[in-house]
Amino acid sequence: MATTTTKVYIVYYSMYGHVEKLAEEIKKGAASVEGVEAKLWQVPETLPQEVLGKMGAPPKSDVPIITPNELPEADGLLLGFPTRFGLMAAQFKAFLDATGGLWRTQALAGKPAGIFYSTGSQGGGQETTPLTSITQLVHHGMIFVPIGYTFGAGMFEMENVKGGSPYGAGTYAGDGSRQPTELELAQAFHQGKYFAGIAKKLKGSSQ
């Protein structure tokens, strides 16, 4: 019997690179599952370059920009974004707002989806950001796949600051200088691997 590839798309927005670092690790985790093809995508920027420059945002990486019409090609979607006042960044919301055509045809219904994120502080939305983002998945009829406590002891780290939650992998950016820690990156790798395994099972059960 011919083997089929499970496609996992990691779609993200990253202004200062923190979410992108998580995305790269998530891709490694997803790709570690046999039969899974993981691909990174960025959503379009909505701010003018002049404004980004004043905000001190570095140039974007060469990860390709995705369009809404490419989303149905994936067997599973992992969506990443920084928080803005406890909610997903407007750039990612604008991208999802452009998926109305997919909603009308329910092209994403039944597909598994996960969420990862970055916040500026410990009280800045590590839970509210993914919680409020689930509504986007619900309207598309997607299946939300949290990591729960499958990351084990790493979920209970108390000695060091660690982002993330049962909703998904996360990191703290602080004033922008803080980078994801080894533990946060390990959780991101775990999310990619865990999610890819589920996406593969779901695709196999529908064959």
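Colleague: Which residues line the largest cavity?
Modeller: The lining is made of Leu71, Leu77, Leu79, Phe92, Phe95, Leu96, Thr99, Leu108, Gln136, Leu137, His140 and Met142. Keep in mind that this is a predicted model.

Colleague: Which elements give two or more residues to that lining?
Modeller: Strand 3, helix 3 and helix 5 (128-140) do.

Colleague: How do the lining residues divide into nonpolar, polar and charged?
Modeller: Nine are nonpolar and three are polar.

Colleague: How much space lies in the largest cavity?
Modeller: About 80 Å³. The count is one cavity of 30 Å³ or more.

Colleague: How does one find empty space like that?
Modeller: A probe the size of a water molecule is rolled over the atoms, and that shows where empty space is left.

Colleague: Phe92 and Phe95 are both in the lining. Where do they lie?
Modeller: Both are in helix 3 (residues 90-97). They sit three residues apart, about one turn of the helix.

Colleague: Are those two buried or exposed?
Modeller: Phe92 and Phe95 are both buried.

Colleague: Why is the pair of Phe92 and Phe95 edge-to-face?
Modeller: Their planes are at 65°, and over 60 degrees counts as edge-to-face, so the pair gets that name. The ring centres are 6.1 Å apart.

Colleague: How many aromatic pairs are there?
Modeller: Four. Ring pairs also link Phe81 with Phe92 and Phe95 into a cluster.

Colleague: Switching to charges. How many salt bridges does the structure hold?
Modeller: Six. One of them joins Asp75 and Lys203, with the closest N and O atoms 3.2 Å apart.

Colleague: Where are Asp75 and Lys203?
Modeller: Asp75 is in the loop between helix 2 (49-54) and strand 3 (76-84). Lys203 is in helix 6 (residues 182-205). The pair therefore ties together parts that are 128 residues apart in sequence.

Colleague: Buried or exposed, those two?
Modeller: Both Asp75 and Lys203 are buried.

Colleague: What about Lys28?
Modeller: The Lys28 side chain forms a salt bridge with that of Glu25, at 3.5 Å from N to O. The two residues are three apart in helix 1 (residues 18-31), which means about one helical turn separates them. Lys28 is partly exposed, at 49% relative accessible area. Glu25 counts as buried, because its relative accessibility is 18% and the cut-off is under 20%.

Colleague: And which residue does Glu184 meet?
Modeller: Arg178, in a salt bridge of 3.1 Å, N to O. Glu184 is buried, with a relative accessible area of 0%. Arg178 is partly exposed, at 23%.

Colleague: Where is the place of Phe85?
Modeller: In the loop between strand 3 and strand 4 (87-88). Phe85 counts as exposed, at 88% relative accessibility.

Colleague: What about phi of Gln106?
Modeller: Also positive, near 55°. Gln106 is in the loop between helix 4 (100-105) and strand 5 (112-119). With 34% relative accessibility, Gln106 counts as partly exposed.

Colleague: Last one. What feature does UniProt place at residues 8-195?
Modeller: The unreviewed entry gives "domain: Flavodoxin-like" for that span. In the model, residues 8-195 are 32% helix and 19% strand. The end C-alpha atoms of the span lie 9 Å apart.

Conventions
Residues numbered from 1 in each chain as written. Predicted model: local features only at pLDDT ≥ 70, side-chain atom pairs only at ≥ 80, totals over all residues. Heavy atoms only, no water. Salt bridge = Lys/Arg side-chain N within 4 Å of Asp/Glu carboxyl O. Helix = DSSP H or I, 4+ residues; strand = E, 2+ residues; numbered from the N terminus. Buried < 20%, exposed > 50% of the residue type's maximum accessible area, 1.4 Å probe, protein only. Phe/Tyr/Trp six-rings, centres within 6.5 Å; stacked < 30°, edge-to-face > 60°. 1 Å grid on protein atoms, 1.4 Å probe; cavity = no way out; pocket = protein on both sides within 12 Å on 5 of 7 lines; lining within 4 Å. Points joined across faces, edges and corners; volume = space filled by probe spheres on them. Nonpolar A, V, L, I, M, F, W, Y, C, P; charged D, E, K, R; others polar. UniProt positions renumbered as here; feature names shortened; annotations may be inferred.
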